[in-house]
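Reader: Hi! Could you walk me through this protein?

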Amino acid sequence: MKYSVSVRKFDAVIVGAGGAGLRAAIQLSESGYKAAVLTKVFPTRSHTVAAQGGVAASLGNSEEDHWHWHMYDTVKGSDWLGDQDAIEFMCKKANECVIELEHYGMPFDRTDSGRIYQRPFGGHMSNFGEKPVRRSCAAADRTGHAMLHAMYQRNVKANTQFFIEWMALDLIRDSEGEVLGVTAMDMETGEIVAFHAKATIFATGGGGRIYYSSTNAFINTGDGLGIAARAGIPLEDMEFWQFHPTGVAGAGVLITEGVRGEGGILLNAQGERFMERYAPNAKDLASRDVVSRAMTTEINEGRGCGPNKDFVLLDISHLDPATIMKRLPGIREIAIQFAGVDCIKEPIPVVPTAHYQMGGIPTNYSGQVVVPGRRSQNEIVPGFYAAGECACASVHGANRLGTNSLLDLLVFGKSAGESAVDQLKQSPKAHKEMPQGEIDRALTRIDRLNNQKDGASVHETQLEMRRTMQKHAGVFRFADLLTQGVDKILQVRENVQRTEIKDKSAVFNTARVEALELDNLIEVAVATMVSAEARKESRGARLWYKECNRLDYKSVKLTPLTVETIELKTRAY
């Protein structure tokens with residue numbers, strides 16, 4: 001099939017219209033630059049819409065708080081692997097970014113005095129771990145939804161140009177490595193366009209659909225990471241995946257940590273509030289990796305609930321129904337629709353579910369993409385920026401602190417936008433010439449899909465990838481399973497390279513989009529599995545056993561670092 005590729009020129013092109021992409025676009029458009037935003041779905045349907053619990057900021061509206069305490073919690077939550085300069089930058093900027101969002105029209109819940117309402121959240125403590133603190137700024141349990149609408153309207157006011165239902169295919173780079181834009185496909189017509197830009201910002205979200213059970217939407221296919229990896233940009237910290245403690249059993253739909261922040265408790269089959277044994281201080285508000293491991297241990301030791309003993313219960317039936325309807329209305333709706341229970345009357349069945357990637361495209365805290373290493377100026381990839389879940393400024397280290405994801409979007413979306421503005425102020429008026437070969441690279445992939453005969457099924461190959469990741473790189477990781485997993489995921493990658501689109505006649509062809517998404521997913525999956533096998537320690541969300549036949553971290557043989565890490569966590573909580 002022959003393609004006619006047109007070229008469209010912008011000052012900046014932003015791939016992704018979630019929280020990070022919209023915040024970066026505001027910065028560019030309000031600075032007077034011509035910005036294009038490419039998005040696979042309508043902006044207010046981006047996955048940020050699913051964020052429920054809130055955004056962290058040490059406003060101190062309900063009780064004393066300080067950004068130093070927030071920084072300490074974030075460093076500790078990262079299992080001491082976070083970049084502390086970037087974490088300091090984020091926590092210092094938090095109040096400014098949240099108040100700025102309030103001025104955009106974000107409808108935060110309010111205290112009686114009219115200030116932004118803040119709720120407790122897992123891992124957020126006052127006075128360097130002394131006791132839980134109210135730090136999460138929330139709009140009921142629909143914080144992400146409210147955030148997207150506020151920022152989308154701000155972009156409409158600023159005349160940001162949106163390309164809705166467009167999928168980015170590949171980066172365009174010149175011989176010096178500078179990024180000059182992206183090739184993209186109109187998902188409705190199949191038209192291919194080269195978006196020629198002086199600054200390119202990736203805000204494509206995570207790749208949680210590499211797992212069989214995930215809280216992520218089906219659009220979360222790691223597009224930015226796959227595109228970056230194919231362009232020769234290495235990915236960072238890909239072994240670290242956070243499993244959210246509370247996904248609806250059997251469905252994977254997220255039940256926000258805010259439920260426990262409002263007073264919800266976790267129970268096993270014996271009706272025991274088991275988190276008191278694992279985290280005596282924080283209890284159900286311990287950090288996500290601690291709660292996920294505790295739940296998995298309860299299930300694997302036979303104290304799970306249900307006929308198959310494969311989930312535990314999240315109970316808020318002891319709360320005032322008026323509180324549930326005011327603070328958690330969406331959660332009640334999710335429980336009824338996906339679990340068949342009314343949480344006002346009975347507990348919700350929950351299991352740990354793949355939720356968030358800590359790794360991604362390596363960046364500094366200015367949002368500039370860098371190659372791994374010392375993050376010096378010489379390592380910056382010219383013209384290329386990233387923010388949000390697809391990026392790794394390493395503020396989350398080995399495990400993200402709850403509500404820091406929405407903060408990450410705001411702080412680093414704005415920071416990437418500011419860096420792009422600074423670059424554009426120094427750029428010449430004319431765009432650099434684009435190499436034709438870079439445009440042809442995306443067309444070669446599409447031709448391969450169209451011309452493949454007797455190839456592998458996209459659906460079956462995708463399913464094989466997800467099951468492999470779920471089995472070999474889940475909450476608990478074993479040396480032998482990881483070794484097998486590397487071999488299996490590399491075999492899946494070979495199958496991906498010979499997938500076939502069965503219906504080649506359709507123009508609006510979902511299978512074609514799914515096949516292109518699978519090209520990105522497999523890059524994320526391979527990077528995750530190989531990195532997980534290579535890291536020979538337990539750290540944060542990546543729990544590894546050297547020799548173990550049982551899922552019981554109290555009795556297994558651990559490396560000295562792991563013993564130290566677990567003891568530190570136990571003492572801290």
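**Cavities, pocket, cores and rings**

Author: By the rule used here, there are eight cavities of 30 Å³ or more. On a 1 Å grid over the protein atoms alone, a cavity is a set of points where a 1.4 Å probe fits but cannot get out, while a pocket is an open set with protein on both sides within 12 Å along at least five of seven lines; lining residues have an atom within 4 Å of a point. Grid points are joined across faces, edges and corners, and a volume is the space filled by probe spheres set on the points.

Reader: Is that from an experiment, or predicted?
Author: This is a predicted model: local features need pLDDT of at least 70, side-chain atom pairs count only at pLDDT 80 or more, and totals for chains, interfaces and linings use all residues. Residues are numbered from 1 along each chain as its sequence is written, and side-chain values use heavy atoms, with hydrogens and water left out.

Reader: How much space lies in the largest cavity?
Author: About 710 Å³.

Reader: Which residues are closest to its centre?
Author: Of the 47 residues lining the largest cavity, His 47, Thr 48, Gly 205, Asn 220 and Glu 389 are the closest to its centre. By class, that lining has 18 nonpolar, 23 polar and six charged residues. Here Ala, Val, Leu, Ile, Met, Phe, Trp, Tyr, Cys and Pro count as nonpolar, Asp, Glu, Lys and Arg as charged, and the others, Gly among them, as polar.

Reader: And what volume does the largest pocket have?
Author: About 690 Å³. It is lined by 26 residues, and Ala 50, Val 253, Leu 254, Ile 334 and Phe 338 are the closest to its centre.

Reader: Which helix gives the largest share of that lining?
Author: Helix α10 (residues 329–339), with six residues. Helices (H or I, at least four residues) and strands (E, at least two) are DSSP runs, numbered from the N terminus.

Reader: New topic! Which members of the largest nonpolar core touch the most others?
Author: Leu 171, Phe 195, Phe 202, Ile 361 and Ile 489, out of 69 residues. Helix α15 (residues 510–534) gives the largest share of this core, 12 residues. Such a core is a set of buried Ala, Val, Leu, Ile, Met, Phe, Trp, Tyr and Cys residues joined through side-chain atoms within 4.5 Å. Buried means under 20% relative accessible area, exposed over 50%, and partly exposed in between (1.4 Å probe, protein chains only).

Reader: How many aromatic pairs are there?
Author: The structure holds 16. In one of them, the ring centres of Phe 42 and Tyr 152 are 5.3 Å apart and the planes are at 70 degrees, so the pair is edge-to-face. Rings of Phe, Tyr and Trp (its six-membered ring) pair if their centres lie within 6.5 Å; planes under 30 degrees apart count as stacked, over 60 as edge-to-face and the rest as tilted.

Reader: Is Tyr 152 buried or exposed?
Author: Tyr 152 counts as buried, at 14% relative accessibility, whereas Phe 42 is partly exposed, with a relative accessible area of 34%.

Reader: Last one: where is Asn 159 found?
Author: In the loop between α4 and β6 (161–164). Asn 159 has a positive phi of about 65 degrees although it is not a glycine, and at 66% relative accessibility Asn 159 counts as exposed. Ser 394 also has a positive phi of about 65 degrees without being a glycine, but at 7% relative accessibility Ser 394 counts as buried.
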